[in-house]
Amino acid sequence: RGDNRRRVFNSEDDYRLFIDRLGFFAETYRVKVRAFCLMPNHFHLYVCTPEGNLSRFMQSVLTSFTSIMNHRHRTSGHLFQGRFKSIVVDDRKYGMSLCRYIHLNPVRTTKFSRRPVAERRAELRGYAWSSYAGLIGLRECPAWLDKGENYPWPGNLREKQKRYAEFVEAGLLREIENPMEHVRAQSVLGSDSFTEMVRRKFLDLTGNISDCPQGKKLSAFLDFDRLSDTVAAFYGVGSELLFSKYGRCNEARQALIYFSELYCRGRYPLKDIAERLNLKLGGYASCRRSIREKLKRQKEMQAKYKSLSKQIEDVKCKN
């Protein structure tokens, strides 16, 4: 996003310049761009980097764009706020829903939130600064845009484009789940098995981490016993209550199940966490889903979990 949330793109030429730089360096670094959307003060990209060169690719795009913008507008300094945020994605499970989430950005603004569906659809299809119109055949698609993975359906190109439009625009007709709510450790979006694979890839058997943001985030997790002690103290209950098979519905146990996913995934396999809670893996997953749904509805629970999260973060910082 823009530095201090300021606008980055102030004219059509600014948008065009960024897209030009994006395409040029995608070809240079052999990066596959699945989806993009530029908004006035931020942008979203969904890319595949077969050669593991994301940082060099992004540095080149942002540095080139910033340099030309400063020269063009006779300014200096940063345009963007810090390092870009990157998340490793399980493409098979979340790729399509993530592309839809990115493409719906222009009509998720306050300005369009209460507009009729037809008006929102027209805005979405007419938005010039995303890959959506090109992917559904309303505008010429850049040669460097990786289109194939966005068309998993059978049929000719026109039929696939129609199916993709129907898939994305379903988000105009009903509330769809935000895939970003399932991001683990602020760094991985994927199934349990995918997250475990990433954890094992970034963390070697000695506990050392590779030099990457995901590895550092996945390693910065709490010991399970420290987490359970923190939850028990917060609710003023004995720790044995958290593990009793007769206490599965109590509030403190639910909190431990919820926060164990957030704070222990980088240190333990899911099976181990479930066993510590006297649950089978399927039961653990079911409980997590149920608690997340309950949390969406209950404001009091949200406030309590926010307060508990702060205490857990304090404990983690002292590790």
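Modeller: Gladly! Let us begin with a definition: a residue counts as buried when its relative accessible area is under 20%, and as exposed when that area is over 50%. Please keep in mind that this is a predicted model.

Biologist: Then why is F80 called buried?

Modeller: The relative accessible area of F80 is 10%, and the cut-off is under 20%, so F80 is buried. F43 has a value of 16%, so F43 is buried by that rule too.

Biologist: How many aromatic pairs does the structure hold?

Modeller: There are 23 aromatic pairs. A pair of aromatic rings is described by the distance of the centres and the angle of the planes.

Biologist: What makes the pair of F43 and F80 edge-to-face?

Modeller: Two values settle that. The ring centres of F43 and F80 lie 5.7 Å apart, and a pair needs centres within 6.5 Å. Their planes meet at 90°, and angles over 60 degrees count as edge-to-face, so that is the name for this pair.

Biologist: Why do you say that F43 and F80 tie parts of the chain together?

Modeller: F43 belongs to strand 2 (residues 42-48), while F80 is in the loop between helix 2 (54-73) and strand 3 (88-89). The parts they join are 37 residues apart in sequence, so the pair ties them together. Both rings also belong to one aromatic cluster, formed by F9, Y15, F18, F43, F65, F80 and W129.

Biologist: What makes the pair of F259 and Y305 tilted?

Modeller: With ring centres 5.2 Å apart, F259 and Y305 meet the 6.5 Å limit for a pair. Their planes are at 50°; stacked would need under 30 degrees and edge-to-face over 60, so the pair is tilted. F259 sits in helix 11 (residues 251-263) and Y305 in helix 14 (residues 299-318), which puts the two 46 residues apart.

Biologist: Are F259 and Y305 buried or exposed?

Modeller: F259 has a relative accessible area of 2% and Y305 has 5%. The limit is under 20%, so F259 is buried, and so is Y305.

Biologist: How do you know that the charge of R21 sits over the ring of F24?

Modeller: The charged end of R21 is 4.9 Å from the centre of that ring, and the rule asks for a distance within 6 Å, together with a position within 35 degrees of the ring normal. R108 lies over the face of Y101 in turn, at 4.1 Å from the ring centre.

Biologist: What makes the phi of R5 worth a remark?

Modeller: Most residues other than glycine have a negative phi. R5 is not a glycine, yet its phi is positive, near 65°. R5 is found in the segment before helix 1 (12-28). Its relative accessible area is 55%, and over 50% counts as exposed, so R5 is exposed.

Methods
Residues numbered from 1 in each chain as written. Predicted model: local features only at pLDDT ≥ 70, side-chain atom pairs only at ≥ 80, totals over all residues. Heavy atoms only, no water. Phe/Tyr/Trp six-rings, centres within 6.5 Å; stacked < 30°, edge-to-face > 60°. Helix = DSSP H or I, 4+ residues; strand = E, 2+ residues; numbered from the N terminus. Buried < 20%, exposed > 50% of the residue type's maximum accessible area, 1.4 Å probe, protein only.
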